[in-house]
Amino acid sequence: MVVTKKKINNKKAISAIEPALISGFWEFHWLYWAAPILGGIIAGLTETKKNDVLFRCNNIQNKLHEMDSETYPRNAKTAYNIDPRELFKVFNEIESKGMVLKTFYHSHPDHDAYFSDEDKKMALFDGEPTYPDAKHLVVSVYNNIVKGEALFGWSSKTRSFEKIL
(Lines give C-alpha, C1' and ligand atoms only; values in the text may rest on other atoms or scores of the structure.)
Protein backbone atom coordinates (compact mmCIF):
# COMPACT_ATOMS: atom_id res chain seq x y z
CA MET A 1 0.00 0.00 0.00
CA VAL A 2 1.17 3.51 -0.74
CA VAL A 3 1.43 5.63 2.37
CA THR A 4 1.94 9.38 2.48
CA LYS A 5 2.22 11.88 5.30
CA LYS A 6 -1.54 12.26 5.18
CA LYS A 7 -2.49 8.57 5.23
CA ILE A 8 -0.74 6.28 7.70
CA ASN A 9 -1.50 2.57 7.88
CA ASN A 10 1.38 1.34 10.00
CA LYS A 11 1.43 4.14 12.57
CA LYS A 12 4.23 2.72 14.70
CA ALA A 13 6.74 2.27 11.89
CA ILE A 14 5.80 5.24 9.75
CA SER A 15 5.46 7.70 12.63
CA ALA A 16 8.98 6.79 13.72
CA ILE A 17 10.72 6.72 10.34
CA GLU A 18 8.95 9.55 8.57
CA PRO A 19 10.31 12.39 10.73
CA ALA A 20 13.82 10.97 10.42
CA LEU A 21 13.56 10.57 6.66
CA ILE A 22 12.24 14.08 6.25
CA SER A 23 14.39 15.88 8.84
CA GLY A 24 17.57 13.87 8.38
CA PHE A 25 17.83 13.33 12.17
CA TRP A 26 18.48 9.62 12.69
CA GLU A 27 19.88 9.28 16.20
CA PHE A 28 17.77 7.07 18.52
CA HIS A 29 14.66 6.93 16.34
CA TRP A 30 15.37 3.24 15.61
CA LEU A 31 14.44 2.43 19.20
CA TYR A 32 10.79 3.04 18.38
CA TRP A 33 10.29 0.56 15.57
CA ALA A 34 11.72 -2.41 13.79
CA ALA A 35 10.72 -4.02 10.54
CA PRO A 36 11.80 -7.27 8.94
CA ILE A 37 11.31 -5.79 5.47
CA LEU A 38 10.55 -2.26 4.45
CA GLY A 39 10.82 -0.30 1.30
CA GLY A 40 9.50 2.64 -0.57
CA ILE A 41 10.10 5.97 -2.18
CA ILE A 42 10.46 9.54 -0.94
CA ALA A 43 9.50 12.39 -3.23
CA GLY A 44 8.96 16.10 -2.81
CA LEU A 45 8.08 19.31 -4.58
CA THR A 46 11.36 21.08 -3.87
CA GLU A 47 14.81 20.39 -2.50
CA THR A 48 13.55 21.20 0.99
CA LYS A 49 12.27 18.41 3.23
CA LYS A 50 9.14 20.29 4.30
CA ASN A 51 6.97 19.00 1.44
CA ASP A 52 8.40 15.49 1.19
CA VAL A 53 6.03 12.56 0.84
CA LEU A 54 6.78 9.00 1.88
CA PHE A 55 5.38 6.17 -0.26
CA ARG A 56 5.66 2.85 1.56
CA CYS A 57 5.49 0.00 -0.93
CA ASN A 58 4.57 -3.64 -0.45
CA ASN A 59 7.11 -6.37 -0.99
CA ILE A 60 5.60 -8.99 -3.33
CA GLN A 61 8.70 -11.22 -3.40
CA ASN A 62 7.03 -14.05 -1.42
CA LYS A 63 4.14 -14.09 -3.90
CA LEU A 64 6.56 -14.22 -6.84
CA HIS A 65 8.60 -16.97 -5.15
CA GLU A 66 5.45 -19.05 -4.51
CA MET A 67 4.31 -18.64 -8.14
CA ASP A 68 7.70 -19.49 -9.71
CA SER A 69 10.53 -20.45 -7.38
CA GLU A 70 12.86 -21.16 -10.30
CA THR A 71 12.64 -17.63 -11.68
CA TYR A 72 12.38 -16.09 -8.18
CA PRO A 73 14.55 -18.35 -5.96
CA ARG A 74 14.72 -15.80 -3.11
CA ASN A 75 11.87 -15.00 -0.73
CA ALA A 76 11.01 -11.70 1.01
CA LYS A 77 13.61 -12.34 3.69
CA THR A 78 16.38 -11.80 1.16
CA ALA A 79 14.78 -9.91 -1.72
CA TYR A 80 12.54 -6.89 -2.28
CA ASN A 81 10.25 -6.53 -5.26
CA ILE A 82 7.55 -3.88 -5.65
CA ASP A 83 4.40 -4.77 -7.58
CA PRO A 84 4.81 -3.01 -10.96
CA ARG A 85 1.21 -1.74 -10.77
CA GLU A 86 1.90 -0.16 -7.39
CA LEU A 87 5.14 1.36 -8.66
CA PHE A 88 3.29 2.73 -11.71
CA LYS A 89 0.74 4.45 -9.42
CA VAL A 90 3.49 5.98 -7.29
CA PHE A 91 5.39 7.29 -10.32
CA ASN A 92 2.16 8.63 -11.85
CA GLU A 93 1.44 10.57 -8.65
CA ILE A 94 4.99 11.89 -8.48
CA GLU A 95 4.83 13.04 -12.10
CA SER A 96 1.28 14.45 -11.97
CA LYS A 97 2.15 16.59 -8.92
CA GLY A 98 5.45 17.80 -10.36
CA MET A 99 7.41 16.14 -7.59
CA VAL A 100 11.07 15.13 -7.61
CA LEU A 101 11.99 11.54 -6.76
CA LYS A 102 14.51 11.89 -3.94
CA THR A 103 15.16 8.51 -2.31
CA PHE A 104 14.50 4.81 -2.67
CA TYR A 105 14.74 2.91 0.60
CA HIS A 106 14.74 -0.74 1.64
CA SER A 107 16.12 -2.98 4.35
CA HIS A 108 18.70 -5.74 4.44
CA PRO A 109 17.43 -8.23 7.06
CA ASP A 110 20.27 -10.00 8.88
CA HIS A 111 22.86 -8.16 6.77
CA ASP A 112 24.78 -4.92 7.00
CA ALA A 113 23.71 -1.73 5.25
CA TYR A 114 25.60 -1.81 1.96
CA PHE A 115 24.76 -1.34 -1.72
CA SER A 116 24.58 -4.94 -2.89
CA ASP A 117 25.02 -6.31 -6.40
CA GLU A 118 21.25 -6.85 -6.48
CA ASP A 119 20.70 -3.20 -5.46
CA LYS A 120 22.98 -2.10 -8.31
CA LYS A 121 21.17 -4.37 -10.76
CA MET A 122 17.80 -2.88 -9.79
CA ALA A 123 19.08 0.74 -9.91
CA LEU A 124 20.75 0.51 -13.32
CA PHE A 125 19.42 0.16 -16.84
CA ASP A 126 21.95 -0.65 -19.53
CA GLY A 127 24.76 0.40 -17.18
CA GLU A 128 23.23 3.80 -16.39
CA PRO A 129 21.26 4.80 -13.30
CA THR A 130 17.53 4.96 -13.98
CA TYR A 131 17.25 7.92 -11.57
CA PRO A 132 20.77 9.44 -11.33
CA ASP A 133 19.76 12.14 -8.84
CA ALA A 134 17.86 9.80 -6.49
CA LYS A 135 19.58 8.55 -3.35
CA HIS A 136 19.33 4.98 -2.02
CA LEU A 137 18.87 4.41 1.70
CA VAL A 138 19.70 0.88 2.90
CA VAL A 139 18.72 -0.11 6.44
CA SER A 140 20.40 -3.00 8.30
CA VAL A 141 17.98 -5.06 10.44
CA TYR A 142 19.04 -7.93 12.73
CA ASN A 143 16.44 -9.78 14.82
CA ASN A 144 13.88 -7.03 14.11
CA ILE A 145 16.27 -4.40 15.47
CA VAL A 146 17.70 -1.74 13.19
CA LYS A 147 21.48 -1.87 13.51
CA GLY A 148 22.47 0.76 10.98
CA GLU A 149 21.79 2.59 7.77
CA ALA A 150 23.74 3.89 4.81
CA LEU A 151 22.86 6.39 2.09
CA PHE A 152 24.20 5.96 -1.43
CA GLY A 153 24.24 8.21 -4.48
CA TRP A 154 25.39 7.86 -8.07
CA SER A 155 28.84 9.23 -8.86
CA SER A 156 29.34 10.10 -12.52
CA LYS A 157 33.06 10.35 -11.79
CA THR A 158 33.46 6.74 -10.55
CA ARG A 159 30.40 5.49 -12.49
CA SER A 160 29.14 3.70 -9.41
CA PHE A 161 26.99 4.17 -6.33
CA GLU A 162 29.07 5.70 -3.55
CA LYS A 163 28.31 5.86 0.16
CA ILE A 164 27.29 9.37 1.20
CA LEU A 165 26.43 8.74 4.85
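A residue is called buried here when its relative accessible area is under 20%, exposed when that area is over 50%, and partly exposed in between, with a 1.4 Å probe and protein chains only. The model is predicted, so that local features need pLDDT of at least 70 and side-chain atom pairs count only at pLDDT 80 or more, whereas totals for chains, interfaces and linings use all residues. Residues are numbered from 1 along each chain as its sequence is written, and side-chain values use heavy atoms, with hydrogens and water left out.

The chain has four helices and eight strands, where helices (H or I, at least four residues) and strands (E, at least two) are DSSP runs numbered from the N terminus. Read from the N terminus, the order of elements is α-β-β-α-α-β-α-β-β-β-β-β. Of the 165 residues, 44% count as buried, and the accessible surface, taken by the Shrake-Rupley method with a 1.4 Å probe, comes to about 10,000 Å², of which carbon and sulfur atoms hold 55%. Among contacts (heavy atoms within 4.5 Å) between residues at least 6 apart in sequence, 57% join residues at least 24 apart.

Strand β6, residues 135-142, is mostly covered, with six of its eight residues buried. Two strands are said to pair if DSSP finds at least two bridges between them, and the pairings of β6 are set out below.

| Partner of β6 | Sense | Bridges | Opposite residues |
|---|---|---|---|
| β3 | parallel | seven bridges | F104 and H136 |

The largest pocket has a volume of about 920 Å³, a volume being the space filled by probe spheres set on the points, which are joined across faces, edges and corners. Its lining comprises 34 residues, of which Y80, N81, E118, D119 and M122 lie nearest the centre. The elements giving two or more residues to this lining are α3 (84-96), β3 (100-109) and α4 (117-123), and β3 gives the most, with six residues. By class, the lining of the largest pocket has 17 nonpolar, twelve polar and five charged residues, where Ala, Val, Leu, Ile, Met, Phe, Trp, Tyr, Cys and Pro count as nonpolar, Asp, Glu, Lys and Arg as charged, and the others, Gly among them, as polar.

Methods. 1 Å grid on protein atoms, 1.4 Å probe; cavity = no way out; pocket = protein on both sides within 12 Å on 5 of 7 lines; lining within 4 Å.
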